[in-house]
Amino acid sequence: MIQAGNELLRHASSMSPNPRRVLSKTRARRHLRAARLRLIFILTLAAIITVIASGLGCSSEKPSEPTVGVQVVPVKKATIEQTVTSDAVLYPLAQSAIVPKISAPIKAFYVNRGNRVHAGQLLATLENRDLAAAAQDNQGAYDQAQAAYTIATSSTLPEEIQKAQGDTQAAKVALEAEQKLYDSRQDLYKQGALPRKDLDQAAVALTQAKNLYELAQRHLDALMAVSKQQELKSAAGQLQSAKGKYLGAAAQLSYSEIRSPINGVVTDRSLYPGEMAAAGTPLLTVMDTSSVIARAHIPQDQAALLKLGDKATITVPGAGSDQAEPIEGKVTVVSPALDPNSTTVEVWVKADNPKGRLRPGTSVKISMLARAVPNSLVIPAAAVLTAPDGSNYVMAAGSDNKAHQKTVKTGIRHGDQVQILDGLAEGERVITSGSYGLPDNTKTRIEAAQESDKSESDKPERPSAGKEAPKDEK
């Protein structure tokens, strides 16, 4: 169109000359330039109107609905287990830091670190010559006191009692003889056959015999009631005193022999022979690692689900392939009181350790089975999303090939599975991949999972809808 306008202008300028136009040639050129500008403006405006009209015509057409590729799984029934997991630290089944009761130089060690020992085994000896001499001296005194007690109870005291009994018996016989003599003289005196003098002499002799008998009887009674008891008590006291001194000296001597109180392994030996062992300072440490105890502190609500005897497993994080397999154990202690510092409950899990794989002091993960619920509706945890208001929902794949948002109520979570309490029925299909950020009623295309894809349990947990991904606490 621009080219046609130029041709028209050139044709007009090529017509027969007019004297007036020749005189105003400059003015004609100006008019030609103005005409060209008007023509360009008109053509540009027409092009703009054409583009706008074509755009309005296209907007009236409805755009095609987008289709999103997703992966789905059916809702199924299965047994789901509720577990309580926590970090824990391993402790030995029994531990003894052996502390000497006396201060003395170390004479000899009979074990090294890592040696297995049994209860009562001699581990080390301290210098004990002075203690051995004291024990021997006290043993002699004890033997002497024992002999004196034997003599006192078997010879001296019985002889005195026997003599007193003989004296009493003789005094009694003499008294009876004097009594008979006095009675016969009294009869004769009454008959007038005996003078008064002889009767008086018989009365005096009877009185003396009676006094001797009473004295002998009192002496015998004293020996039987007082002397015998006190003498035996004195002999027994001396024996007990000597025995106590001897046992004390023997105990002091035994303190120089360091013996293991438990079966286990020597884990520490801080001194060497010749060094001074101080009383109250650990000399050796023995641990029983045949079993280990994992101690953990867990919140109150989780501890309320546990009871003694619950099954548990212990896993060592970062262990090699030969030690990565969980070790089975059981809950042995659920503390009845809270830790005042952390307001948590201490829980112990005991596990056998025959091969020594678990070392005391290691940080481990424990998983305790609280309960198992059979015939529960379960879906992958990756299918459950969280709405901005905090409720849980899933994207269900409908028979119309569209995704439908459904609010669900969840229960137990175990691994990559979650229990559905309400909102879904068995056999429904839920979207596991591609559901995050997917609007309701979006057209979907079901895709098969690729073999190279990781399992849901290996994938990182999806962030809840409307929320940021959780940051690592560390």
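Strands S15 and S16 run antiparallel and are joined by six bridges, where two strands count as paired if DSSP finds at least two bridges between them. Helices (H or I, at least four residues) and strands (E, at least two) are DSSP runs, numbered from the N terminus. Within this pair, Ala396 stands opposite His404 in S16. The two strands make a hairpin with four residues between them, and Asn401 in the turn has a positive phi of about 60°. The model is a predicted one, in which local features need pLDDT of at least 70 and side-chain atom pairs count only at pLDDT 80 or more, while totals for chains, interfaces and linings use all residues. Residues are numbered from 1 along each chain as its sequence is written, and side-chain values use heavy atoms, with hydrogens and water left out.

How many of the six residues of S15 are buried? Six of the six are, so S15 is largely enclosed by the rest of the structure; buried means under 20% relative accessible area, exposed over 50%, and partly exposed in between (1.4 Å probe, protein chains only). Asn392, Val394 and Ala396 are buried on one side of the strand, and Tyr393, Met395 and Ala397 are buried on the other.

Most residues other than glycine have a negative phi. Asn401, with its positive phi of about 60°, is not a glycine, and is partly exposed at a relative accessible area of 44%. A second case is Thr343, with a positive phi of about 50°. Thr343 sits in the loop between strand S11 (327-338) and strand S12 (345-352), and its relative accessible area of 46% makes it partly exposed.

Which residues does Val349 touch, leaving aside its neighbours within four places in sequence? Among them are Val292, Ile293, Ala312, Gly329, Lys330 and Val331, where contact means heavy atoms within 4.5 Å.

Three bridges hold strand S5 (residues 122-126) and S6 in an antiparallel pair, and Leu122 stands opposite Arg259 in S6. Arg259 also forms a salt bridge with Glu257, the closest N and O atoms being 3.2 Å apart; a salt bridge is a side-chain nitrogen of Lys or Arg within 4 Å of a carboxyl oxygen of Asp or Glu. Both partners are partly exposed, Glu257 at 34% relative accessibility and Arg259 at 41%.

By this rule the count comes to seven salt bridges. One of them joins the side chains of Arg113 and Asp268 (2.8 Å, N to O). This pair links distant parts of the chain, 155 residues apart, with Arg113 in the loop between strand S3 (104-109) and strand S4 (116-117) and Asp268 in strand S7 (residues 264-269). Arg113 is exposed at 54%, whereas Asp268 is partly exposed at 31%.Across the protein chain there are six helices and 19 strands. Of its 474 residues, 27% count as buried.
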